[in-house]
Amino acid sequence: MKRTSKAVAGIVTTVLVAGTLLAGCGGKTDAGKQSASGDAKKPSYTFRLAETHPADYPTTMGDKKFAELVNQKTNGRIKIDVFPSSQLGEEKAVIEQVQLGAIEFTRVSSAPLAEFNKALGVFSLPYIFDNEEHLWKFLQGDGTKLLEGLSSSKMTGLAYYESGARNFYTRKPVLAVADLKGQKIRVQQNKVNIDLISALGASATPMPYGDVFSSLQTGVIDAAENNWPSYETSNHYQVAKNLVLDGHQRVPEILMMSKVTWDKLSDEDKKAVKEAASESVTYQREQWKSFEQKSQEKVKAAGVIVTEIKDLKPWQDAVKPVIEKYRAEFKDTLDAIEKARK
Ligand code: GTR
């Protein structure tokens, strides 16, 4: 069922992309359209925003709030249609299209983005943030530089969104880090994740998010990892019922747009887009909190076996070589993350 609708979505995407490219990149423009406020000479646009998650997921709620605020701030001249549930493609493919300007906006995880902008790989390093507070202190401080750095990869970073902590979940019970040895574990697609899984003595299987459910179900992979809301809404909890709360990563979500589109906007519209993005963050984080709670309740009620880790040290020790491997590459950022801890 899911496959079929994705295949159809794929065809629709191709047609839409071709149409957008023919139109000259970057959304439909109707420069002469009279807007409600009488801004007759200002251009109107209809843009698309690609989102992996379903319509009620907290990132999608943030996207919609962002779109609503942009619309308000431009007196209806800029309309952003949010396409949830990977209708416009999986994250890697969407990022490529955003670089081209064929899709104007997206919300993606910083993990797959790291293959397009290396500096973001730092977020896939294990156990570098103590908690949500530590992460946000960094994101709102030196972390803004990483968002700005996206412009060197044909993208314009607009805001970070909350994504909780990622935990492993497996088909067979896992009580200690040694139990992951030999398992085939699906990870988000970037090279840091491959090193992370190797350090655990397991083998990494990077694949798009949309393929994980069937791969767990058929046993192509033994395990995966994600935050509570993704574990729940993707139904992974139904096929990998052992959840071990090691919280190895806090990989922020990123709201961003094509630089091709950004460069075409007037200063006034750029300002509206930036402001709307920042203002949507508080709302997204609130949505995250309540949704995360509901996801926990739902998967626990469904009989998932949740293992809490009292002593994280063996887990952290096992993956130390990964931090060491990347310490020089991410030095400045790691120092800034350390500083945000205090
Ligand atoms: C989720 C994230 C998605 C996607 C997914 C994955 O937490 O919100 O954007 O990256 O993880 O594991 O592929």
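Contact here means heavy atoms within 4.5 Å. Helices are DSSP runs (H or I, at least four residues), numbered from the N terminus. This is a predicted model, in which local features need pLDDT of at least 70, side-chain atom pairs count only at pLDDT 80 or more, and totals for chains, interfaces and linings use all residues. Residues are numbered from 1 along each chain as its sequence is written, and side-chain values use heavy atoms, with hydrogens and water left out.

**Helix α7 with helix α14**

In α7, Lys191, Val192, Asp195, Leu196 and Ala199 meet Val322, Lys325 and Tyr326 of α14. By class, this contact has 5 nonpolar, no polar and 3 charged residues. Ala, Val, Leu, Ile, Met, Phe, Trp, Tyr, Cys and Pro count as nonpolar, Asp, Glu, Lys and Arg as charged, and the others, Gly among them, as polar.

Axes are lines fitted to C-alpha atoms, over the stretch in contact for helices, and angles run from 0 to 180 degrees between N-to-C directions.

| Helix pair | Angle | Axes |
|---|---|---|
| α7 (residues 191-199) and α14 (residues 320-327) | roughly 145° | within 8 Å |
| α2 (residues 58-73) and α12 (residues 267-301) | about 150° | 8 Å apart |

The angle of α2 makes this helix roughly antiparallel to α12. Angles over 145 degrees count as roughly antiparallel, under 35 as roughly parallel, 65 to 115 as roughly perpendicular and the rest as oblique. α2 passes α12 in a right-handed crossing, meaning that the near helix is turned clockwise from the far one by less than a right angle. On the α2 side, the contact includes Met61, Phe66, Leu69 and Val70. On the α12 side, Tyr283, Trp288 and Phe291 are among the residues. The contact divides into 12 nonpolar, 5 polar and 4 charged residues.

α7 and α14 also have a right-handed crossing.

Helix α5 (residues 132-139) packs against helix α15 (residues 331-341) at about 125°, with axes 9 Å apart. That makes α5 oblique to α15. The crossing of α5 and α15 is right-handed. His134, Lys137 and Phe138 of α5 meet Thr333, Ala336, Ile337, Lys339, Ala340 and Arg341 of α15. Their contact has 4 nonpolar, 2 polar and 3 charged residues.

**The ligand**

Which residues are around the ligand? They are His53, Glu91, Arg107, Ser109, Arg166, Arg186, Gln188, Tyr209, Asn226, Asn227, Ser230 and Glu253. A side-chain N or O atom of Arg107 is 2.9 Å from a ligand oxygen. For Arg166, the distance from such an atom to a ligand oxygen is 2.9 Å. A polar side-chain atom of Ser230 lies 3.3 Å from an oxygen atom of the ligand.

Conventions:
Helices (H or I, at least four residues) and strands (E, at least two) are DSSP runs, numbered from the N terminus. A residue is near a molecule or strand if one of its heavy atoms lies within 4 Å of it. A polar contact is a pair of N or O atoms within 3.5 Å; within protein, one must be able to donate a hydrogen and the other to accept it, and residues adjacent in sequence count only if both atoms are side-chain atoms.
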